[in-house]
Every structure is written in C-alpha cells, then in structure tokens.
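Subject: Handover of a structure and the findings from it

Dear colleague,

Please find below the structure that I am handing over to you.

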Amino acid sequence: VAMANALKNKWLVLDKETKALKCAVSTIEDEIGILLKKIAAISLDAAEGSVSGDLSESDIKSLKQRKLIQVKTQRTFDIKKGPRFADARKVEATELTFDMMQSGSWAEMSFKPYNFDADGKVPDFGCLHPLLKVREQFRMIFVRMGFEEMPTDNYVESSFWNFDALFQPQQHPARDAHDTFFLSKPSTATIPDQEYMTRVKTVHEVGGYGSLGYRYRWSEDEAKKNILRTHTTAVSSRMLYLLAKDYEKDGVFRPKKYFSIDRVFRNETLDATHLAEFHQVEGLIAAPGLSLADLKGVIAEFFERMGMTKLRFKPAHNPYTEPSMEIFSFHEGLNRWVEVGNSGIFRPEMLRPMGLPEDVRVIAWGLSLERPTMIMYGIKNIRDLFGHKVNIGSIMTNPICRLGM
C-alpha cells in the first residue's frame, strides 16, 4: 500500500531497465497524517450526516477504504418542558360519567382526546359454514312450497326402520358391515309395535299386496341391530308410520308434505368426493292418487327454485321405490349433464303394512347437500368443505348463498 501511494504521489520513480526504485523528491509531506490530525481536531455533524471541517468527500472515502477511519453517527436530544408538563402525572379520563356531572369534578379533570381516525375493536362474531348457508336455502325452498320439516335428531337407528320397514331385504349388500356402521353398545333396539313388525316380516317372506316378497326367512334379531342411519329415509318411514296411526284413529287420511336435511353415515372409502358422513336432503308427499307425473312436476318446481331448469330423468332401481328415477341437470360451467338426485314412488310393500289407505301414494326424492355446495363455492375436494382439514379462515370469509328462487 505504501509503495503504491509513493508511486502515485511521485515520491518514488521506477527505473524500467533496472527495475530499481529511486527517490524523486527531497522532502515528503505526509498528507494522510495531516488528514488524520484534522479528523482528531474536528467533530462530526450528526444532523447532516457529513463531516464538518476542510475534509472533502474524496478524502473521507479514501480513508474509509484504507480502514483508517470509521464514521459513526452521534445523536443528541434537547428536552424542554411542554405546555402539558403539569398534566403528565395526572390520569386522563376516557369518558364523561354521570358521577362527574353530579359532583362537578369534570371541570378539574383532564380528558383523553378522541382519535376519530383510529380503527375500532373488531367484535367477537360467529361465522356460518357454507353447508349451513346452503342448507338454509334448501329449507326456505321447502317451506315456501308448503313442506313440513321432520325431526331428524336420532343419528342411531334400528335396522328395522332403516332397512326392513322400507322393504329392503336383509341380505342386501347395503346392510353389510363394509357399507354400514353397526353399534356395539347398545347393540340392539326394541320394536314396540309387534303387530306391525309381523306384517313387515310377512311381506318380506311371502309377499302381499300384489307382491311375491323376497322368499327368505326374515330374522327379528337382524332387524333389531342398531346402526348409524345410512339415509334420512329411515325418518320418513317413521313419519309415514305415525301418519298411518293417525288414520287408524278417526279413519280420515290427511295428506302431508315432509322434508328433512340432516347427517347420515356410511362406511365409505374416503377420497376427494366421499366421506363416511354427509348430509342428505329429502322431500316426500303423501296423498291419494299421486302418479309419476306428479313426482316429475314437483321435482321440476323444486329444482327450478334452485336455478336448475334443464332436467332429465333416467330409470333406476331402488329396493323401496318403484318406479325409480335418477335426476340429471345440465351444468352450464361443466357443459354436461350431471346427476343431482334420486327419486321414486314408495312401494305398496312398504306403505300397506303401516296401515295407510290403498289409494295413498307417496312420492319422494333426495340429493346430497355437499355436491351443490361444492359446485356453488368452487370446492374440488370434499375434505376442504367438511372435516378436520377445513380452513377456518375460509369459513370466516366465504360469501353469502342465495339460490335462484
């Protein structure tokens, strides 16, 4: 470093032939030493962030590069008494109270000024899950169509009401353990109406009301097994049984419109579109002389209130409805027909053992609550809608739901 600076200041010269250094001046003025002495004698101006005195920016930069000096900022404060110095030790009041007004102490008190630009405290509030919002819209559609909601608070149901009363045979695959959750405690239920159970047994074994039955040995023990209900149609069977009991009392049948929206359970393989528990929407009408045309008309009215006007029906099979139909709607976003529900007319083998009149028909349809909710909110994985993986933030920010009514 010293040799380079000596050559730069022409204190030394280099002989190109001999490569020897020779002194070029008789006396040397140590400019670096002079600068360092000046720095020791002057002060730094903290406010301006530059050095006061005769030093140039290039001199300071050179000394910093050679690590001969280090620039530090020194801050000073001038503290004086303010106009409210006397109020500093007083506790400021935040509001004018009745006691202050009554005693007159408000005149001597110091009040904290209001900051009208400050954000208010966010109050605690609850948020509705998207399923609850869509469920409420479905409920409003049913109510406006004159339907009455059924009580659906019994998640645990006997196999009798969930399967046997619906004329579903005991050897049906849906009653196996790989499709249904069976309870271990209590494992069985009591069926109070033995006469009705006997009629159900008879129609299963030998038939009746124009049916041959299933021709097998019906087991009361199998019917008493407790399960987690696999569909809300178990509730429908109980309500229709009570409707038949009312008919037996005075011989007058009163038509009814029922609906239910609640949770059901099935031993499904979990994936992006299936869970072990989901919600089922179901509607039914019990009245004399109903036909397939009535069923299609009510379904068209129901889905039209949901904003679905393009419907198709496809023949299907259900153990407890005949005829049965799958319901399809044209999805504008997907540009294709998608299945949206199932429907049918309850079989006489289900209704007549209850004691309902021969001319009474029951039309019914059902659909899941999760599928329309996922379509409406753009959710591709059902586990992002229902279960422990749901994002709580999305529950707080999801938009309102209003179906086309």
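A disulfide is counted here when a pair of cysteine sulfur atoms lies within 2.5 Å. In general terms, a disulfide is a covalent bond between the sulfur atoms of two cysteines. A search of the whole structure finds zero disulfides.

Before the other findings, a word on the source. This is a predicted model, in which local features need pLDDT of at least 70 and side-chain atom pairs count only at pLDDT 80 or more, while totals for chains, interfaces and linings use all residues. Residues are numbered from 1 along each chain as its sequence is written, and side-chain values use heavy atoms, with hydrogens and water left out.

Cysteines and accessibility

A residue is called buried under 20% relative accessible area, exposed over 50%, and partly exposed in between, using a 1.4 Å probe and protein chains only. Cys-23 has a relative accessible area of 59% and is therefore exposed. Cys-127, at 31%, is partly exposed.

Backbone features

Helices (H or I, at least four residues) and strands (E, at least two) are DSSP runs, numbered from the N terminus. Two cis peptide bonds may be pointed out. One joins Lys-185 and Pro-186, with omega about -5 degrees; Pro-186 is in the loop between α6 (159-162) and α7 (194-205). Another runs from Glu-322 to Pro-323, with omega near 0 degrees, and Pro-323 is in strand β11 (residues 321-331).

Positive phi values in residues other than glycine also deserve a look. Phe-167 has phi near 60 degrees and sits in the loop between α6 and α7. Is Phe-167 buried or exposed? Its relative accessible area is 2%, so Phe-167 is buried. Arg-215 likewise has a positive phi near 60 degrees, and its place is the loop between α7 and α8 (220-223). At 55% relative accessibility, Arg-215 counts as exposed.

Buried residues in α9 include Thr-233, Val-235, Met-239, Leu-240 and Leu-243. Just after α9, Gly-251 takes a positive phi of about 75 degrees.

In α12 (370-377), the buried residues are Glu-370, Pro-372, Thr-373, Met-374 and Tyr-377. Contact means heavy atoms within 4.5 Å, and what covers these buried residues includes α5 (130-144), β9 (277-288) and β13. After α12 comes Gly-378, whose phi is positive, near 65 degrees.

A buried strand residue

Ile-261 lies in strand β8 (residues 256-265) and is buried, with a relative accessible area of 2%. Leaving out residues up to four places away in sequence, Ile-261 touches Arg-135, Phe-138, Arg-139, Thr-152, Gln-280, Val-281 and Leu-369.

Cavity and pocket

Rolling a probe the size of a water molecule over the atoms shows where empty space is left. On a 1 Å grid over the protein atoms alone, a cavity is a set of points where a 1.4 Å probe fits but cannot get out; a pocket is an open set with protein on both sides within 12 Å along at least five of seven lines; lining residues have an atom within 4 Å of a point. Grid points are joined across faces, edges and corners, and a volume is the space filled by probe spheres set on the points.

How many cavities of 30 Å³ or more does the structure hold? There is one, and the largest cavity has a volume of about 70 Å³. Its lining consists of Met-306, Met-308, Val-340, Leu-367, Ser-368, Arg-371, Pro-372 and Ile-375. The largest share, three residues, comes from α12.

The largest pocket contains about 1500 Å³ of space. Of the 46 residues that line this pocket, the closest to its centre are Arg-266, Phe-278, Glu-339, Leu-367 and Ser-368. Strand β12 (336-346) gives the most to the pocket lining, with nine residues.

Yours sincerely,
A colleague
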